[in-house]
Amino acid sequence: MINIASKINYEKILGAVLLMTAFSVFADQETIKRGAYLTYAAGCITCHTEQSDDAMSLTGGRAMKTPFGMFYTPNITPDNETGIGAWSDDDFIRALQHGVSPTGTHYFPSFPYASYTGIARQDLLAIKAYLFSLAPVNKEVGKHDLAWFIPSGLAAWGWKALNFKPGRFQPDSTKGESWNRGAYLVRHLGHCGECHTARNVIGALRREAELGGSNFGGETVPNITPHPVDGIGRWSENDIEYFLEIGMSPDGDFTGSSMADVIDDNTSHLTRKDRLAIAAYLKSIPEFQSSSQ
Amino acid sequence: MKRLIFFAIAALSVTTILSNIASADTTREDALDYRISVMTVLRGHIGAASKIVRGLVADDGYLAAHAEGIAAAATELSRIFPEGSDVGESESLPLIWEEPEAFADAISKSKEAATAFVTATQSGDRAAIGKAFRNLGGSCRGCHDQYRVKN
């Protein structure tokens, strides 16, 4: 009698364990899928992949030319030695929301943590789950080549003390769901302002000139505020959505600037709904007159 | 025979790379202005076609006409970049003349994409038209990314 009862219990337990395992595998797969989407939306691939046709995705090494020196993006595949394979969840969160590496050093703002700080923890952990589902690639990248007037990594600490405020995105309850999604995508995940907003002499974004255009890495980055002449005020929300999908401006020209990479590795992978949310947000921000810079 | 075909193709590609609009009377500025005009024609047809492809403007048979306009202008791509025409307002990067084979490849991709777009518009299949138009755009973007100044 006892034997039979315990047998049944074992079967029940085994069944429950199998079900839970199946569920957690399913949940993991869902998280990885969501993380893959967010990895596109956060533009990780664009900067963490070298600019050559046979470059390995996310293995870093892309050179970023700034007035403060040449920065080389790191390998973010889960390789223990050269990538982020040894990082814990909290390491990852601290890097993206606070700009601090697992060893406690401060990142230069070429890594856009000033934008990423607004990303929700669960979204960041989904991105991490996706990155950790990829094959680790052992690849060392070059060290940053800082300008002579940047004394050391200590400068990053000083910059942060002056310019960086950590904090998650707070939805605006007076605005709709689409606007809030667009604001989250533009300001935080997509970090559009990192290129489209002009910087002051110490490289901090000028908030009063949000998305009003700039010069970045030798490129003239356009004003994307709704200003009718200097910005994209004449573009409809549909035009913006279409541009983000295929790279064509309403006059029939196809972009070939860095934006072509952003479209290839980020916005063309988003849902139409998300691209329309970006458009709705862009149409709502203050017009910026470029000559007022 | 294989060798013969190989040489025939090689000879043909060399002619394609070298053929250009310049005559004895053509100045560098003429060549540049001509290129800008052809590119403007392309942009105009593409901009108009996109409105129809997206369903924002009625077709009335004009999509096929714009597609043919694009394909016709695209055949000129291989002749409107004569060496030395990167003067004045030119947005062409020197890379065009530094790697002529790669540039010729990029151009033939655009020509093929333009022909495929014509075929798609004739089929009337909206999904196929959308796909062909995206491919065409991708080929424009690819070239602009590599060979046009960034601004």
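Here are legends for a few close-up views of this predicted model.

Residues are numbered from 1 along each chain as its sequence is written, and chains are lettered from A in the order in which they are written. Local features need pLDDT of at least 70, side-chain atom pairs count only at pLDDT 80 or more, and totals for chains, interfaces and linings use all residues, while side-chain values use heavy atoms, with hydrogens and water left out.

View 1. Rings of Phe, Tyr and Trp (for Trp, the six-membered ring) pair up if their centres lie within 6.5 Å; planes under 30 degrees apart are stacked, over 60 edge-to-face, and the rest tilted. That rule gives 14 aromatic pairs over all chains. A:Phe68 sits in the loop between β1 (63-66) and β2 (69-72) of chain A, and A:Phe149 in the loop between β3 (145-146) and α6 (154-163) of chain A, so the pair ties together parts that are 81 residues apart in sequence. Helices (H or I, at least four residues) and strands (E, at least two) are DSSP runs, numbered from the N terminus.

**View 2. A:Trp148 also pairs with A:Phe149.** This pair is edge-to-face too, at 5.4 Å centre to centre and 90° between the planes. How open are these rings? Buried means under 20% relative accessible area, exposed over 50%, and partly exposed in between (1.4 Å probe, protein chains only). A:Trp148 is exposed at 79%, A:Phe149 is partly exposed at 41%, and A:Phe68 is partly exposed at 22%.

**View 3. A charge over a ring: B:Arg54 and A:Tyr242.** To count, NZ of Lys or CZ of Arg must be within 6 Å of the ring centre and within 35 degrees of the ring normal. B:Arg54 lies over the face of A:Tyr242, 4.3 Å from the ring centre. Over in chain A, A:Lys175 does this with A:Trp179, at 4.3 Å from the ring centre.

**View 4. Chain B against chain A.** Here 16 residues of chain B are in contact (heavy atoms within 4.5 Å) with 22 residues of chain A. There are six salt bridges across the interface, each a side-chain nitrogen of Lys or Arg within 4 Å of a carboxyl oxygen of Asp or Glu. One of them joins A:Glu245 and B:Arg134, whose closest N and O atoms are 2.7 Å apart. On the side of chain B that touches chain A, α2 (28-53) and α6 (126-147) of chain B each give two or more residues, and α6(B) has the largest share, with seven residues.
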